[in-house]
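Hi there,

Here is the structure I promised to pass on to you. Please have a look at it first, and then read my notes below.

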Amino acid sequence: MESEHWKSRKVVVVGAGAVGSTFAYTLAQRGMADEIALLDANDDLARGQVLDLAQGQAFFPSIQIRDGRPTDYADAALIVITAGAKQKPGESRLELVRRNAAIVESLIDEIVRQNSHAVVLIVSNPVDILTYVAHKRSGWPRGRVIGSGTVLDSARFRHLLSQHCGVDVHNVHAHIMGEHGDSEFPAWSITNMAGTPIDHFCSICQRCDDWDAVRRGIAHQVKHSAYHIIDYKGATWFAVALALTQISAAILRNQHSVLTVSAVLEGEYGLSGVSLGVPSVVSSKGIEQVLEVKLPPDEQRALEKSADTLREIIANLEPAGSP
Ligand SMILES: NC(=O)c1ccc[n+]([C@@H]2O[C@H](COP(=O)([O-])OP(=O)(O)OC[C@H]3O[C@@H](n4cnc5c(N)ncnc54)[C@H](O)[C@@H]3O)[C@@H](O)[C@H]2O)c1
């Protein structure tokens with residue numbers, strides 16, 4: 001049941017660093033929220049970001065932007081968690097797990113204490129592990145605690161395909177599935193250009209000599225994108241902020257968009273006890289439905305491998321003797 005004080009267009013952003021503040025900026029520009037509250041362990045950073053953003057209000061749709069406090073969780077429609085430690089150059093996303101799991105657990109405890117009715121969107125890395133940890137800690141239905149998953153990776157994939165094939169990225173329908181990280185994979189079986197399956201499109205496009213090599217190259221580039229950007233500038237924030245805005249639109253506007261968010265699986269694809277990026281219908285309830293696409297054996301195996309990788313880390317996180 002919804003709280004009588006619940007606001008359908010209020011968003012709380014936890015973590016006012018590079019990702020959180022860029023997301024707040026993008027969300028404000030799109031006019032998708034009435035109120036954005038920014039929180040950070042560093043109060044000055046949150047205040048500074050809020051002032052900077054609020055002073056641009058003359059140039060974007062009417063919105064209240066302010067620094068927040070935990071009581072803001074109570075009436076929010078969406079809480080986006082970007083709080084946490086930054087990925088260091090050369091550090092794998094999975095190595096961040098212990099540092100960030102404790103932060104996420106304490107935030108979830110506070111959100112639950114505030115009797116929040118929001119959808120919680122986890123962004124901090126490793127996002128799939130933290131989504132699983134957050135969902136477990138909350139005791140909420142799985143749809144309400146979701147991760148940004150491979151939405152960003154899928155956008156990178158679409159961009160590279162668009163560049164290679166010379167087709168508008170909006171006509172490229174393609175998903176990266178699995179872990180947001182090293183075990184992710186392109187779901188070629190459901191990749192199409194304006195409805196034409198990619199292999200068939202390739203035979204009519206004839207832009208390359210060795211499509212298999214191109215496929216491998218694109219998959220490799222997608223997987224290593226974040227590492228390259230981190231090497232160049234220390235972190236990534238623009239594309240992820242736009243990906244988060246897309247997920248937020250699906251939630252705040254009840255769009256029922258199909259996005260590869262990180263979902264806690266409950267038997268779909270024969271998997272459970274793990275959260276990873278799978279095509280899901282996203283609405284104001286969060287994940288409305290996980291779409292169980294029929295994958296060919298090699299892609300099903302890749303998904304299972306990704307799940308195994310994540311489950312191993314989850315097992316290492318859980319105290320010995322816990323079920
Ligand atoms: N899922 C994705 O696709 C994706 C993409 C890019 C970055 N990320 C992740 O997003 C997270 C944030 O990245 P960033 O570049 O903005 O980092 P950042 O260091 O710029 O910002 C993180 C902020 O979190 C704050 N923080 C730490 N603990 C907190 C707490 N308990 N409560 C409130 N605030 C707290 C810090 O003070 C800091 O300002 C990282 O974990 C990063 O790996 C995820």
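In what order do the three strands of the open sheet that includes β15 come, and how do they pair? The order is β12-β15-β16, and the pairing is antiparallel. Before going further, please keep in mind that this is a predicted model.

Staying with that sheet, β12 (257-259) and β16 (286-290) are its edge strands; each has a single partner, so one side of each is left without a neighbour in the sheet. From one strand to the next, the twist averages 40°. If you zoom in on β15 (residues 280-283), you will find four bridges that join it to the antiparallel β16.

Although Asn254 is not a glycine, its phi is positive, at about 50°. As background, most residues other than glycine have a negative phi.

There is another open sheet of three strands, in the order β7-β10-β11, and its pairing is antiparallel too. Here β7 (172-173) and β11 (196-197) stand at the edges with a single partner strand each, so one side of each has no neighbour in the sheet. Two bridges connect β10 (residues 192-193) with β11, and these strands run antiparallel. Asn192 has Pro197 in β11 as its bridge partner.

Which of the 24 residues around the ligand come nearest? They are Val19, Asp40, Ala41, Val123 and Asn125. By class, the shell consists of twelve nonpolar, ten polar and two charged residues. Helices α1 (18-30) and α3 (97-113) each contribute at least two residues to the shell.

- Ala18 has a backbone N or O atom 3.0 Å from an oxygen atom of the ligand.
- For Val19, a backbone N or O atom lies 2.8 Å from a ligand oxygen atom.
- In Val123, a polar backbone atom is 3.0 Å from a nitrogen atom of the ligand.

On its own the ligand has 860 Å² of accessible area, and the protein covers 85% of this.

Asn125, one of the residues that come nearest to the ligand, also takes part in a cis peptide bond: the bond from Asn125 to Pro126 has omega near 0°. For context, most peptide bonds are trans. You will find Pro126 in the loop between β5 (119-122) and α4 (127-138).

Notes. Residues are numbered from 1 along each chain as its sequence is written. This is a predicted model: local features need pLDDT of at least 70, side-chain atom pairs count only at pLDDT 80 or more; totals for chains, interfaces and linings use all residues. Side-chain values use heavy atoms; hydrogens and water are left out. A residue is near a molecule or strand if one of its heavy atoms lies within 4 Å of it. A polar contact is a pair of N or O atoms within 3.5 Å; within protein, one must be able to donate a hydrogen and the other to accept it, and residues adjacent in sequence count only if both atoms are side-chain atoms. Accessible areas come from the Shrake-Rupley method with a 1.4 Å probe; for residues, only the protein chains shown count as cover. Ala, Val, Leu, Ile, Met, Phe, Trp, Tyr, Cys and Pro count as nonpolar, Asp, Glu, Lys and Arg as charged, and the others, Gly among them, as polar. Two strands pair if DSSP finds at least two bridges between them. Axes are lines fitted to C-alpha atoms, for helices over the stretch in contact, and angles run from 0 to 180 degrees between N-to-C directions.
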